[in-house]
Amino acid sequence: MKNRTDLREELESINRRGYPAYKSLKGQYDFGDFLLSIDHVQGDPFASPSNLSVEIPMKRAGFPEEYWDQDYARVALEDCILRRFSGELSKNSFKAKGSGKSGLIATSRPGQEILHRSALVIAKGKLTARFEVGFPANGRTINAYELEKILFDFLPPAVTQSLFYKNWKKEVLQKNYELSVDQHFIREELPKRKLVAFLGEGSILPRMSGVSSRPLRDAVPLSVPESLKVEMDLPYYGRMSGLGIPEGVTLIIGGGYHGKSTLLQALEQGVYNHIAGDGREYAVTEDTALKLRAEDGRSVQNLDLSLFIHNLPNGKDTKKFSTADASGSTSQAAAVMEGIEAGSHTFLIDEDTSATNFLVRDEFMQKIVHGDKEPITPFCARVRDLYEKAGISTVLVAGSSGAFFHMADTVIQMDAYHPLDVREKVAQFLPEYPLPAFEADAFSLPDVARIFWGKPAKQGGASARGTGGHYGKDSRSGGDRPGNGNRGREERIKTKVMSTDGFSLNHDMVDLRYVEQITDSEQTAALAKMMKYVLTHMSGTVSVDRLAKMLERQIEQGGLEPFMDGYGYCGLAMPRVQEIYAMLNRYR
């Protein structure tokens with residue numbers, strides 16, 4: 001293996017040559033305390049930066065094994081180390097000078113959520129930190145001395161200060177570990193106590209703004225009514241009381257601006273752990289919970305919607321329904337069925353972002369438009385069955401319709417950001433406002449494997465559009481196995497990520513704007529890589545469910561690495577299974 005001296009000599013030999021000479025640096029170099037790998041070299045100073053990584057055996061890095069021997073603790077440690085490494089690198093970014101991206105040195109910059117990221121991974125007894133460097137040039141002429149500054153003067157101190165336990169304040173890592181243990185404990189307790197969520201008393205739920213997920217200053221801390229108070233003895237924090245959201249049907253009501261949506265948003269993001277100081281460290285939701293909303297114009301493919309939509313006037317079969325332009329009610333019905341397929345145990349719904357005719361039909365409307373003329377069975381008629389027969393709870397924010405009062409097990413009124421238990425008050429009025437009878441077929445869940453609709457994007461830039469590309473019947477003989485000779489095709493599919501809004505594969509757009517629990521653009525980037533992997537490794541026919549499970553297996557075996565193709569490889573973050581299904585369902 002080459003060492004740091006070899007790298008210096010190589011830099012001297014290519015100085016002032018044309019930019020492509022930088023390619024000769026690719027390889028691994030022993031720096032004593034760590035191994036430096038130059039994995040991908042950019043084509044010119046204006047292109048995407050070069051990809052580098054540092055590798056250190058965990059024994060040498062010195063972090064106590066208890067901090068990384070469990071998955072939840074390891075992810076928390078990775079996140080904590082990455083934040084410091086990112087900060088150390090940023091101190092020297094662009095101190096080396098040159099054209100274009102010359103001198104850039106950076107890695108992922110995590111937000112409020114704790115996510116497994118490709119930028120820093122602890123696996124197989126070693127720590128790997130990945131980052132980007134803009135190799136310096138004057139015009140397109142190599143300036144090797146500026147790169148030498150980055151690799152020999154700026155990088156080693158950043159590595160030393162971030163990636164070795166001896167240079168950390170021990171209490172910082174201990175507190176990070178203790179929080180991860182307490183958060184994991186709460187998640188483990190939720191099903192034992194038949195809760196879908198727990199929000200610690202005193203939590204700060206409001207966020208600074210629509211574009212910042214930092215806690216709002218001077219926000220009202222969460223209070224908890226006695227009737228909804230749950231106490232837990234956390235391993236490190238000790239006795240904590242909090243708001244327990246029970247399984248079943250929970251209704252959140254209240255006047256405008258009193259905190260209904262803020263509470264629901266905290267539940268949405270509670271599927272992730274949050275860093276200390278976020279205000280939601282102890283706001284934890286069971287991790288399959290799925291936010292559902294109307295999504296006008298989205299694609300729906302081969303989906304059984306008969307639980308909610310039937311007897312269409314055009315005679316179209318709703319047991320295998322497809323449309324390229326779904327209405328609000330159809331899209332929300334599709335979201336429910338896709339959520340069931342993805343294994344969600346809790347649905348989160350806000351009336352403000354829902355199709356009104358999907359949620360409920362009042363008695364007056366039923367008198368005018370008879371049931372045999374209305375193809376939509378409202379969610380109101382199914383919500384109890386979803387819990388009692390399918391084990392799926394619902395938390396719903398309602399501000400105008402009282403129909404759901406009849407179905408609710410728990411009713412929480414938000415009053416100036418304080419939750420109140422008003423179930424007994426609601427019960428007094430139920431006889432005065434009887435619920436109209438709904439005509440609904442018997443409840444049953446679909447059991448047909450749904451075929452993935454689409455085909456691999458054409459090589460060389462033209463996309464695979466239109467409706468003619470479905471894969472036919474599900475193959476039970478390994479249709480989801482990687483095909484041969486797919487690497488070239490994979491390299492020809494170009495991906496572009498639009499923050500958390502979605503991504504494109506060549507010219508095919510996968511719209512994820514309304515998949516609201518994607519919280520980081522690096523999750524979108526990972527989904528783009530996964531979709532690219534699907535399109536280039538499929539052979540034969542396969543169902544949506546088998547595709548999702550294929551991706552799950554790849555993640556279990558190799559984390560995010562199976563989807564890293566050398567470009568932007570330090571910018572991926574792990575999505576949930578629910579978002580993987582959402583991606584597959586939105587590919588046209």
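Helices here are DSSP runs of H or I with at least four residues, strands are E runs of at least two, and both are numbered from the N terminus. Keep in mind that this is a predicted model, in which local features need pLDDT of at least 70, side-chain atom pairs count only at pLDDT 80 or more, and totals for chains, interfaces and linings use all residues. Residues are numbered from 1 along each chain as its sequence is written, and side-chain values use heavy atoms, with hydrogens and water left out.

**Exercise 1.** Work out where D218 sits and whether D218 is buried or exposed.

*Solution.* Step one: find the loop between β13 and β14 (229–234), which is the place of D218. Step two: check the cut-offs, where buried means under 20% relative accessible area, exposed over 50%, and partly exposed in between (1.4 Å probe, protein chains only). Step three: D218 has 80% relative accessibility, so D218 counts as exposed. Step four: look at the backbone, where phi of D218 is positive, near 60°, in a residue other than glycine.

**Exercise 2.** Find which residues of helix α1 are buried, and what they pack against.

*Solution.* First, go along α1 (residues 4–14) and pick out L7, L11 and I14, which are buried. Next, look down the axis of α1: the buried residues fall within an arc of 75°, so they line one face of the helix. (The arc is taken from the directions from the helix axis to the C-beta atoms.) Then list the partners in contact, meaning heavy atoms within 4.5 Å: β1 (2–3), β2 (27–30), β3 (35–40), β10 (141–142) and α4 (144–163). Last, check what comes after α1: R16 follows, and its phi is positive, near 70°.

**Exercise 3.** Describe the surroundings of T107.

*Solution.* Begin with the position: T107 lies in the loop between β5 (105–106) and β6 (113–114). Its relative accessibility is 9%, so T107 counts as buried. Setting aside neighbours within four places in sequence, T107 touches several residues, among them L82, F85, R130 and C570.

**Exercise 4.** How many cavities of 30 Å³ or more are there, and what lines the largest cavity?

*Solution.* You need the rule first: on a 1 Å grid over the protein atoms alone, a cavity is a set of points where a 1.4 Å probe fits but cannot get out, and lining residues have an atom within 4 Å of a point. Grid points are joined across faces, edges and corners, and a volume is the space filled by probe spheres set on the points. The count comes to 4 cavities. The largest cavity has a volume of about 190 Å³. Its lining has 18 residues, and L290, K291, A335, A582 and R586 lie nearest the centre. Two or more residues each come from β19 (290–292), α7 (328–341) and α15 (577–586). The largest share, 5 residues, belongs to α15.

**Exercise 5.** Give the volume of the second largest cavity and name some of its lining residues.

*Solution.* The volume of the second largest cavity is about 50 Å³. Its lining includes S203, I204, L205 and Y417.

Conventions
On a 1 Å grid over the protein atoms alone, a cavity is a set of points where a 1.4 Å probe fits but cannot get out, and a pocket is an open set with protein on both sides within 12 Å along at least five of seven lines; lining residues have an atom within 4 Å of a point.
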